[in-house]
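Let's take a look around inside a protein. Have the sequence and the 3D view open as you read.

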Amino acid sequence: MKSTDALISTIKEAPNDAQIISHQLMIRAGLISRLASGLYSYLPMGLKIVQKVEKIVREEMNKSKALEVLMPIAHPAELWQESKRWEEYGPELLRFKDRHDRDFCFGPTHEEVITDIAKQYLRSYKQLPINFYQIQTKFRDEIRPRFGVMRSREFIMKDAYSFHINEKSLGETYKVMHQTYCNIFDRIGFDYRPVLADSGTIGGDSSHEFHVLADSGEDAICFSDGSDYAANIDRAETLPQETPKSPKENLELVETPGVKTINDVCDLLKIKPVNSIKTLIIEAEDDSLIAIVLRGDHELNEVKASKISGIKKPLRMAEEENVKQQLGCSFGSIGVVNLDIPIIVDYAAASLSDFVCGANINDKHYVGVNWKRDTKKITPRDLRNVIAGDPSPDGKGKLEIKRGIEVGHIFQLGTKYSDSMNANVIGEDGRAVNMNMGCYGIGVTRIVAASIEQNYDDRGIIFPESIAPFQLVIVPINYNKSSRVKALADELYKDCLAQGIDVLLDDRKERPGIMFADSELLGIPHRFVLSDTHADNGKVEYKSRKEAEKVEVDFKLAVNFILDKLE
Ligand code: ATP
Ligand code: MG
């Protein structure tokens, strides 16, 4: 393509709302244009990148024998009512009515629609296993759309759904999808990790997320330094610790006027947060209260806490007024002595002795507190986020923590949807069985942003060849003044096109500095520069976007030189 036929709309300044580098650079490079919160248009150059990602995804999905389909974005409410998600999904599901006053929603994901299809078209175990996929627009009314297309409301996803006669077959396809995802992310050039993810009610190792490592990532993921264990923090387990030492101190009530936070209490009493506990009060299903206890320096893991039986879903902290009424003190003074509600204690807090906690009396704390001697019976369990240095749950090594961007998620669903929607086939023995299902998502548009988070410098994006808007840019100096330069540039351009190279010829009447800056901002991986001097000595200048060094290449060998680089 020639630049005069393209839309090159680079800008110097990023908008104020662009907090992360990929958002800034996508706007500055003119790849996307904001329409409203979480809604972006892809401009020609941006769409080209998205399509390159789609092509890789499609090729690898086809290789895995998945079958491409395309489902509607608008879904009738009845389907979602059948699966019960019309109620369960919450406000991320954007609902609307048609002209006949019938309820619809925009599809945030397509389990319901595909299960409906499977119900109609899959009749016998002989048709299984089968895996359907689509590359299609999703809508999720995200509570905080941010970071450009990284977390937008409308985005493109590749979603796949597989159907099986039994769990074993599901496990096999799951493995194939795991490998397919690795192939896709390898081709995109990511530094990524598959990690164990929360698998909801199914449990086991039945869900993995694929994370691109980047400091701007919204997720924390942990790895063992002694094995290949890797998991999302949501999911990483902590192990039970040794039983508490026997009490050395007496229980003593101390004045803590005006202190509210753990750090304030610890400063005042001159102790470390590791010798204190914090007590959180959550609501039970029947509106009664439950206490959750963590060591002072630890953080609650809400995914783990939401699995406590009998608690309200989604997890809800009790209102302070309610706590005051039932426990007789405000949040800052809650503790476990004389606390007459169920007490569920994280393993680490449960192994403390002689610790500090609130006294359930405003402005007072207890010191020298010991489980058993001073409290009612407690239930220890895993409730907190792991921290760096925790032992790996597989017993090998210690955990390290890094930030990740989730670009893919694979999940063994079991019979959740086929049970609720009654999707069965006739098995080998002639009896109907509900199908096992897997689902597999990739954030196509998020991939573009994630790639930029891993590949940029102060001049702009450094796209990997596999998804760059162009593989090569030819920058002729004085294209519109020197007929020699023009002739050579045109010849090189044609020869590159003939070899199937995705090349941009910058034929604009711009200063060289602008042309260089634009191609660098756009992240085009390879660049040729041609000038009258080069014409004189039969050379062309080559520079890789990744390296500072420039080299002179014989004009005649230029195409082969690039073909070598592209391999
Ligand atoms: P997240 O935890 O980031 O919200 P999710 O668990 O909701 O992701 P899935 O439902 O598994 O995501 O969707 C599959 C993929 O779609 C994700 O791995 C991610 O790459 C992408 N994705 C999800 N939400 C968004 C969004 N709001 N904007 C862009 N891509 C998204
Ligand atoms: Mg989400």
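Start with the largest cavity, which holds about 50 Å³ of space. Keep in mind that you're looking at a predicted model. The structure has one cavity of 30 Å³ or more.

Which residues line the largest cavity? They are S519, E520, I524, P525, H526, R527, K543, S544 and R545. As for where the lining comes from, helix α14 (512–522) and strands β28 and β29 each give two or more residues to it.

## The sheet

Now for the strands. β28 and β29 belong to an open sheet of five strands, and the order across it is β27-β26-β28-β29-β30. The pairing is mixed. At the edges sit β27 (503–505) and β30 (550–554), each of which pairs on one side only. On average, neighbouring strands here are turned by 25 degrees against each other, ignoring direction.

How do β26 and β27 run? These two are parallel, and three bridges join them. Strand β26 covers residues 472–476. To find a spot where they face each other, look for V473, which stands opposite L504 in β27.

## A helix on the sheet

One more piece to find: helix α16, residues 558–566, packs on the sheet. It touches four strands, namely β26, β28 (526–530), β29 (539–544) and β30. Compare directions and you'll see that α16 makes an angle of about 165 degrees with β28.

Conventions
Residues are numbered from 1 along each chain as its sequence is written. Chains are lettered from A and ligands numbered from 1 in the order in which they are written. This is a predicted model: local features need pLDDT of at least 70, side-chain atom pairs count only at pLDDT 80 or more; totals for chains, interfaces and linings use all residues. Side-chain values use heavy atoms; hydrogens and water are left out. Two strands pair if DSSP finds at least two bridges between them. Axes are lines fitted to C-alpha atoms, for helices over the stretch in contact, and angles run from 0 to 180 degrees between N-to-C directions. Contact means heavy atoms within 4.5 Å. On a 1 Å grid over the protein atoms alone, a cavity is a set of points where a 1.4 Å probe fits but cannot get out, and a pocket is an open set with protein on both sides within 12 Å along at least five of seven lines; lining residues have an atom within 4 Å of a point. Grid points are joined across faces, edges and corners, and a volume is the space filled by probe spheres set on the points.
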